[in-house]
Amino acid sequence: MDDLRSRVRVAALYAGGFLGPFGGAMTASVLPEVGGDFGVSAGTAAATLTGYLVPFALLMLVSGTFGERWGARRTVRAAYAVYVLASVLCAVAWSFPVLMGGRAVQGAANAFTTPLLLAAIAAVTPKARLGRALGVFASMQAAGQTSAPLLGGLAAEASWRWAFVGAAVVAGALAVVGLPADPPRDTARPRLRSAWRPRTVRLAAVGFVGWGCLGGVSFLVALRLGDAFGLGAGQRGVVLTGFGLVGIGTARLTGWAIDRFGGRRCALSGAAVGGVLLVGVGLVPSVVAVGALWAVAGAFSQAVIVGLNALVLSSDDANRGGAVSVVQSWRFLGGAASPVAFVPLYHLDPASAFLVPAGLVLAVPPVLLLGRRRPARR
């Protein structure tokens, strides 16, 4: 029985990766419907993306280190419980400010799960297989990215509020299951500044651009699908699903590539190919081609993020939880900034809203990852 419970809790480490992308993107395909319920525009409703991601990302600047101090098991279970309550508040929200408040609490709670789960996976995985383990975790995050627009879009056929009920159910189940016991720790408490080494900051900047300009622009794809091709909420959700499905399907291959070639090479390759694919998503005149290119971009976006996580977690830093927390924070800050930066640009010129992030993701990662290489295990 104890062995079974331990295996279930290890599985919960990976399943916990679902909630971050799911919570962040669950309104991406239903912005017109959310706005219509509260009498605001779809552009204003896009604040539900930012309202979740800003506290999520900002608290992750410190949540990994604090979670290491308090104990990962206790911290993560408490965070899941708060996430359940926040999701219920969103489901019953009677005004747009109440919905925004619930989204903020959702994001704050999830800040204390994602980095601690990643650090726990690294602690129980041999370094030679770390890429594959992180690839499985990334597949769960891709599942969240996939199911968020799909469930959101399908739920909107009845009510978008049902998506938040689903989030509450998943978080509640994970809280009940719990995590493996915390690994033994030395007596020194991790310090915040130990998570902010120059190498970690460079990786975090790549995560900001890589996620904000690739995985974080699903809302742009949804807007183009509606405006250029006339797709409804459910149809938009189905097309956006391809991004996550391909990410899930290629997760093991991505992990193997990282173990074989190193996180740096995989992150650079993912950024280069992903940027080119994003140009096509914004310009091609066929809805089938847009869906196909967006789906393939899911695999290369995963290569960027999993490669960065592997670079952080394969190091010998004492505060790996804090370091990966900083990288994840900047990753999701990129996602939070994306609607603010690109929705106005989309209204001015839809094509530029895709070309600008594509240019950034092509230019920035090589400068930061190749500019000051140090001998280290990748």
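Analyst: Asp259 forms a salt bridge with Arg132, and the closest N and O atoms are 2.7 Å apart. Here a salt bridge is a side-chain nitrogen of Lys or Arg within 4 Å of a carboxyl oxygen of Asp or Glu. Asp259 lies in helix 14 (residues 251–261) and Arg132 in helix 9 (residues 130–155), so the pair ties together parts that are 127 residues apart in sequence. Helices (H or I, at least four residues) are DSSP runs, numbered from the N terminus. A search of the whole structure finds one salt bridge.

The model is predicted: local features need pLDDT of at least 70, side-chain atom pairs count only at pLDDT 80 or more, and totals for chains, interfaces and linings use all residues. Residues are numbered from 1 along each chain as its sequence is written, and side-chain values use heavy atoms, with hydrogens and water left out.

Buried means under 20% relative accessible area, exposed over 50%, and partly exposed in between (1.4 Å probe, protein chains only).

Another contact that involves a charge is found at Trp211. The charged end of Arg331 sits over the ring of Trp211, 4.1 Å from its centre. For this, NZ of Lys or CZ of Arg must be within 6 Å of the ring centre and within 35 degrees of the ring normal.

Gly212 is found in helix 11 (residues 198–213) and counts as buried at 3% relative accessibility. The C-alpha atoms of Gly212 and Val361 are separated by 8.9 Å, although the two are 149 residues apart along the chain. Cys213 is buried as well, at 5% relative accessibility, and Cys266 is buried with a relative accessible area of 10%. The search of the whole structure finds zero disulfides, a disulfide being a pair of cysteine sulfur atoms within 2.5 Å.

Next, the aromatic rings. The whole structure holds five aromatic pairs. One of them joins Tyr52 and Phe56, whose ring centres are 5.6 Å apart with planes at 55°, so the pair is tilted. Rings of Phe, Tyr and Trp (its six-membered ring) pair if their centres lie within 6.5 Å; planes under 30 degrees apart count as stacked, over 60 as edge-to-face and the rest as tilted. Tyr52 and Phe56 both belong to helix 5 (residues 47–70), where they are four residues apart, about one turn of the helix. Tyr52 is buried, with a relative accessible area of 0%, and Phe56 is buried with a value of 0% too.

Gly23, in helix 2 (residues 19–25), is also buried, at 0% relative accessible area. Its C-alpha atom is separated by 9.7 Å from that of Tyr83, 60 residues apart along the chain.

On the surface, Val88, Leu89, Val92 and Trp94 form a nonpolar patch with about 400 Å² of accessible area together. Such patches are made of residues with over 30% relative accessible area and no salt bridge; nonpolar side chains (Val, Leu, Ile, Met, Phe, Trp, Tyr) are joined within 5 Å, like charges within 9 Å. The areas come from the Shrake-Rupley method with a 1.4 Å probe. Val88, in helix 6 (residues 72–91), is partly exposed at 42%.

Key: Helix = DSSP H or I, 4+ residues; strand = E, 2+ residues; numbered from the N terminus.
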